[in-house]
Amino acid sequence: MRSTRWAGGATALVVLGGMLVHGTAQAATTADAVPGKASAAVVHQSAAPEQDVLSHWTAERMRTAKPADVPKEQHGAEPQSHVLPAKSAPGSTSPAGGKQGAATLAALSQSQVWTAHGQMPATTVGKLYFDEPDGGHQCTASVINSANRSMIWTAGHCVTDGAKHWYSNFVFVPDYAGSGEPLGRWTWKSVSAPNGYFDGKDSDYDLAAITLWPRNGVNVANVTGWQGYKFGSGYDWNVYEFGYPFDTHPARTGITGQQLRYCTGTTWRPGIWPFQPAQEAIHCDQGHGASGGPWLDDLQLARGWGYLVGNVSYHPDDNSDEERSPHFGDAAINVYNAQQAA
C-alpha cells in the first residue's frame with residue numbers, strides 16, 4: 001500500500017501570462033516579482049506509476065473516502081488579472097450513449113437527482129478521488145475540451161491545501177451512479193492550480209485542472225465526450241450545476257453523496273461595486289462532495305454539452321443556498337494552457 005505524503009518538493013512549472021517557466025514547487029513563488037503573479041499556474045507532475053495509483057484505490061478505500069473540506073471565503077492574493085484574450089471552445093457528444101430530449105431551463109435551487117446516466121452530460125461528470133495526509137477524500141470533476149483529450153476540471157481546494165502542498169493519488173470515475181465504474185477509472189498525469197490558490201488559498205482562485213493518463217491507449221474524452229468552456233468572458237450565465245454532494249445548505253435529509261445531483265439558474269457577480277470579488281454566484285444548495293462540479297452555460301440537452309463557466313467552490317453562509325465559483329479569467333486561462341502542454 002502506498003503511503004500518503006505531501007508533494008510540495010516535486011518538480012513543477014509556473015505559467016506566467018500563458019508562458020511556461022521551469023522551476024520547483026517551492027520556486028513557484030518566484031512569480032511574486034511579476035505582475036499577475038496570483039493568476040500564474042503552478043504545475044505538478046505525477047511521479048507515481050499508474051498501476052500503483054490504481055491499486056491504491058481499493059473498493060473499500062473509495063467507499064470510505066470523505067468529501068473534501070470546503071474552506072471559508074479567504075482573500076489575500078492580488079486581484080485577478082484580466083489581460084489575456086478571451087478563450088472558448090465547444091463540447092462534443094459522447095460515444096458512450098445517445099442524447100437526451102430537449103428541455104427548457106427553469107430555476108431549480110434545491111438540487112435534484114440526475115437520473116439520465118450513460119449519456120451526455122452525465123458521462124462527462126464524475127467523482128474525483130484523492131489523498132490528503134489524513135486519508136482518502138472526494139470531489140467532483142468534469143471532462144472539458146482539450147487537444148490532448150485528457151483534461152478534467154475541478155476546484156483548487158480538491159488538489160492543494162493552499163499552503164504550497166499538493167494532494168496525491170488522483171483518480172477520476174466518470175458517470176458514477178451509486179456504484180461501479182461504468183466508464184472505468186482514470187489516473188492522473190499532472191495537475192495545475194493558480195498560484196493565488198496554491199500559495200494563499202484565495203477564494204477568487206479556487207480552480208484547478210488535471211490531465212489524465214490514457215487507459216489502454218484511449219483518452220478519457222474519447223470515451224465520455226467533453227464539455228466546452230468559456231474563459232475571460234462575463235459573470236452572468238444561465239447554467240446547470242452538477243455535483244455529488246453529501247449534504248446541502250441549508251441542511252436537509254436524504255443526501256448521500258452517491259447520486260449525481262443538479263441545480264439550474266442564473267448566475268451573477270456578488271458584492272456591491274467597487275467591492276466585488278472575482279467570483280460568480282448562483283442559488284444552489286449542493287454541499288460537501290460537490291466541490292469542483294461544473295457550471296455549464298447553454299447546456300442543450302438535445303446535444304448533451306454546454307460551456308464550462310464556473311465550478312462549485314463554497315457557500316458564504318451554511319444556512320443559505322447561495323453558492324460561489326471563482327470567475328474564470330486569466331487564472332483559468334493559464335491553468336488550462338499549462339495542462340494543455342502537460
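A salt bridge is a side-chain nitrogen of Lys or Arg within 4 Å of a carboxyl oxygen of Asp or Glu. By that criterion Asp297 forms a salt bridge with Lys230, since the closest N and O atoms of the two are 3.4 Å apart. The structure described here is a predicted model, and a search of the whole of this structure finds nine salt bridges as well as two disulfides. The points below take up the salt bridges, the disulfides and the nonpolar cores in turn.

**Salt bridges**

- Side chains of opposite charge can pair when their charged atoms come close.
- In the pair of Asp297 and Lys230, the aspartate belongs to strand E17 and the lysine to strand E13, so the bridge ties together parts that are 67 residues apart in sequence.
- Asp297 has a relative accessible area of 9% and is buried, whereas Lys230, with a relative accessibility of 21%, counts as partly exposed.
- Asp285 and Arg252 also meet through their side chains in a salt bridge, with an N to O distance of 2.8 Å.
- This pair links distant parts of the chain, as Asp285 sits in the loop between E16 and E17 and Arg252 in the loop between E14 and E15, 33 residues apart.
- Asp285 is buried at a relative accessible area of 3%, while Arg252 counts as partly exposed at 26% relative accessibility.
- Another salt bridge joins Arg303 to Asp298, with the closest N and O atoms 3.3 Å apart; here Arg303 is buried, its relative accessible area being 18%, and Asp298 is partly exposed at 32% relative accessibility.

**Disulfides**

- A disulfide is a covalent bond between the sulfur atoms of two cysteines.
- Counting the bonded cysteines along the chain, the disulfides of this protein follow the pattern 1-2, 3-4.
- Cys139 and Cys158 form a disulfide in which the sulfur atoms are 2.1 Å apart, and the torsion about their S-S bond is about -85 degrees, so this disulfide is left-handed.
- Cys139 lies in strand E8 (residues 135–143) and Cys158 in the loop between E9 and E10, so the bond ties together parts that are 19 residues apart in sequence.
- Cys139 is buried, with a relative accessible area of 1%, and Cys158 is buried as well, with a value of 0%.
- Cys263 and Cys284 form a disulfide with their sulfur atoms 2.1 Å apart, and the torsion about the S-S bond is about 75 degrees, so this disulfide is right-handed.
- Distant parts of the chain are linked by this pair, with Cys263 in strand E15 (residues 261–266) and Cys284 in the loop between strand E16 (279–283) and E17, 21 residues apart.
- Both Cys263 and Cys284 are buried.

**Nonpolar cores**

- In soluble globular proteins, nonpolar side chains tend to be buried together.
- The largest nonpolar core holds 38 residues, and of these Trp114, Trp153, Phe231 and Phe242 touch the most other members.
- Among the elements that give two or more residues to this core are strand E7 (125–132), strand E10 (168–174), strand E13 (228–231), strand E14 (238–243) and strand E17 (294–300).
- Helix H5 (330–340) is also one of these elements, and H5 gives the most to this core, with five residues.
- A second, separate core has 26 residues, including Ala141, Ala155, Ile210 and Ala221.

Conventions: Residues are numbered from 1 along each chain as its sequence is written. This is a predicted model: local features need pLDDT of at least 70, side-chain atom pairs count only at pLDDT 80 or more; totals for chains, interfaces and linings use all residues. Side-chain values use heavy atoms; hydrogens and water are left out. A nonpolar core is a set of buried Ala, Val, Leu, Ile, Met, Phe, Trp, Tyr and Cys residues joined through side-chain atoms within 4.5 Å. Buried means under 20% relative accessible area, exposed over 50%, partly exposed in between (1.4 Å probe, protein chains only). Helices (H or I, at least four residues) and strands (E, at least two) are DSSP runs, numbered from the N terminus. A disulfide is a pair of cysteine sulfur atoms within 2.5 Å.
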